[in-house]
Amino acid sequence: MKSLDDIAAELQGYDPLALHSADVGQFLSRLVHSVTETQQVDIFSALDRVLAQDLISPISVPPHDNSAMDGYAFDGTQLGPDAALTLKVVGTALAGQAWQGAVSAGECLRIMTGAVMPEGLDTVLPQELAGVAGDQITVPANALRRGDNRRLLGEDLLQGSTALQKGEPLTPAALGLIASLGMATVSVMRRLRVAYFSTGNEILSLGEAPREGAVFDSNRYTVFGLLTRLGCEVIDMGVVHDDPVLLEAAFTQAANQADAIITSGGVSVGEADYTKVMMKQLGDVAFWKIAMRPGRPMAVGRINHAVLFGLPGNPVAVIVTFLAFVRPALLQMMGRKPQPQPLLKARSTLAIRKRPGRTEYQRGIVSGTADGSLVVQITGNQGSGVLSSVVQANGLIVLGHAQGNIAAGDEVDVMMFDGVV
Ligand code: AMP
Ligand code: MG
């Protein structure tokens with residue numbers, strides 16, 4: 001396991017007090033490791049889990065050539081240019097029942113979608129194109145090419161091929177794919193355990209009586225939601241007030257039980273409380289100033305084997321730093337295959353003030369226009385405590401480090417919330 005100093009030495013121009021937002025990911029990817037324990041789970045329990053090993057297809061899907069349409073199957077070598085073809089119907093092939101018998105030249109078989117294509121037949125005329133007279137059908141001239149409307153054996157998956165790769169998330173479509181292979185259980189990474197608590201003497205738990213200068217703890221619930229949607233096992237530790245004994249007990253318990261610890265509050269330079277003191281005393285922790293807005297201060301490191309993410313206290317900064325840095329690191333810890341997060345391009349409807357020299361994240365609402373292009377409108381107040389403007393937004397506009405002011409109509413990058421926030 002590398003110490004923070006080892007990692008710092010590997011990174012060109014690492015400056016904890018003026019860290020580029022792009023360098024944070026580099027640092028964190030060196031700090032964290034994937035869990036190694038795996039579990040065999042029932043397919044219904046596998047949704048949103050992470051596949052623990054490559055899944056090799058034990059069978060071909062589909063297992064035989066079959067019809068893609070309801071219609072008439074025949075030997076397509078009989079198709080000629082510019083000529084209709086008349087065929088005699090000699091039977092019916094239904095899905096799930098293989099047709100027994102021979103189909104000769106000049107003959108065809110009525111066939112249903114999914115029915116096995118008998119030997120020698122390779123083309124299906126959809127029933128809506130067929131001219132039918134008694135037991136004869138006519139294939140209109142130039143209506144088909146040989147091989148049309150036939151699904152080939154193994155066209156989805158060939159026996160022995162890799163159906164899914166280790167580290168892939170088990171989405172609804174992936175569950176269907178696994179089931180199509182006849183598998184009822186699957187090997188997944190164990191869930192990541194993440195403990196979290198809010199710090200600060202001014203933070204009230206729900207149910208406490210309001211008092212002057214105090215605010216209700218919102219970060220606890222935001223972090224709970226973000227972690228739960230990621231599929232983590234959460235260890236909720238509530239609010240820990242600014243008392244060295246309580247903080248030490250909380251950090252120690254969290255480090256003993258969890259793979260990662262997320263705290264909010266108490267990490268900025270001016271903080272007078274014990275949060276930073278305890279982090280430093282109990283772990284190997286760096287205190288960063290990131291060139292970004294919102295979310296400048298952040299503490300990162302380890303307490304025993306648990307990775308620590310000390311997020312700023314402002315509710316919007318919590319969401320932004322989680323999305324930009326913590327989430328990719330947790331995905332790596334969950335065993336997810338690295339995947340670049342695609343940003344969407346949209347034209348800003350409004351001018352946006354932006355200072356070069358820091359990455360800015362602004363809340364925006366992306367929508368489509370009549371011509372099919374995308375536009376994004378920043379939501380009103382961009383203050384780092386204004387949660388309501390995150391709720392209105394459907395993504396974060398990411399304005400890069402060197403970027404200056406944005407004029408109305410300029411194209412910007414957007415990180416969509418997409419069920420994450
Ligand atoms: P800090 O990072 O501790 O200086 O906190 C920055 C701001 O965020 C302060 O106004 C805090 O009151 C507020 N804040 C800190 N933690 C929370 C929390 N858990 N819920 C809501 N607001 C918070
Ligand atoms: Mg504070």
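**Terms and their grounds**

Author: The protein has eight helices and 26 strands. The model is a predicted one.

Reader: How do you know how the protein compares with a compact globule of 421 residues?

Author: The radius of gyration of the protein is 30 Å, whereas a compact globule of 421 residues would have one near 22 Å. The rule behind the globule value is 2.2 Å times the number of residues to the power 0.38. Along the principal axes, the C-alpha atoms fill a box of roughly 90 × 50 × 50 Å.

Reader: Why are helix 4 and helix 7 called roughly parallel to each other?

Author: Helix 4 (residues 219-230) packs with helix 7 (residues 315-333) at an angle of about 25 degrees, and their axes are 11 Å apart. Angles under 35 degrees count as roughly parallel. Helix 4 and helix 7 are therefore roughly parallel to each other. Their crossing is right-handed. On helix 4 the contact is made by N219, T222, V223, L226, L227 and L230, and on helix 7 by P315, V318, I319, F322, R327, L330 and L331.

Reader: What is the make-up of the contact of helix 4 with helix 7 in nonpolar, polar and charged residues?

Author: The residues of this contact divide into 10 nonpolar, two polar and one charged. Arg counts as charged, and R327 of helix 7 is one of the contact residues.

Reader: What makes strand 8 and strand 9 the edge strands?

Author: Six strands form an open sheet in the order 8-5-7-6-10-9, with mixed pairing. Strand 8 (123-126) and strand 9 (131-133) each pair on one side only, and they are the edge strands. From one strand to the next, the twist averages 35 degrees.

Reader: How do you know that strand 5 and strand 8 pair?

Author: Pairing requires at least two bridges between two strands. Strand 5 (residues 71-74) and strand 8 have four bridges, in the antiparallel sense. A73, for example, has V124 in strand 8 as its bridge partner.

Reader: Which peptide bonds are called cis, and what are their omega values?

Author: The bond from V61 to P62 is cis, with omega near -5 degrees. P62 lies in the loop between strand 3 (55-56) and strand 4 (66-67). R293 and P294 are also joined by a cis peptide bond, with omega about -10 degrees. The place of P294 is the loop between strand 19 (284-293) and strand 20 (297-303).

Reader: What makes the phi of D48 worth a remark?

Author: Most residues other than glycine have a negative phi. Phi of D48 is near 70 degrees, a positive value in a residue other than glycine. D48 is in the loop between strand 2 (38-42) and strand 3.

Key. Residues numbered from 1 in each chain as written. Chains lettered and ligands numbered in written order. Predicted model: local features only at pLDDT ≥ 70, side-chain atom pairs only at ≥ 80, totals over all residues. Heavy atoms only, no water. Helix = DSSP H or I, 4+ residues; strand = E, 2+ residues; numbered from the N terminus. Axes fitted to C-alpha atoms, helices over the stretch in contact; angles between N-to-C directions. Parallel < 35°, antiparallel > 145°, perpendicular 65-115°, else oblique. Left-handed = near helix turned anticlockwise from the far one by under 90°. Contact = heavy atoms within 4.5 Å.
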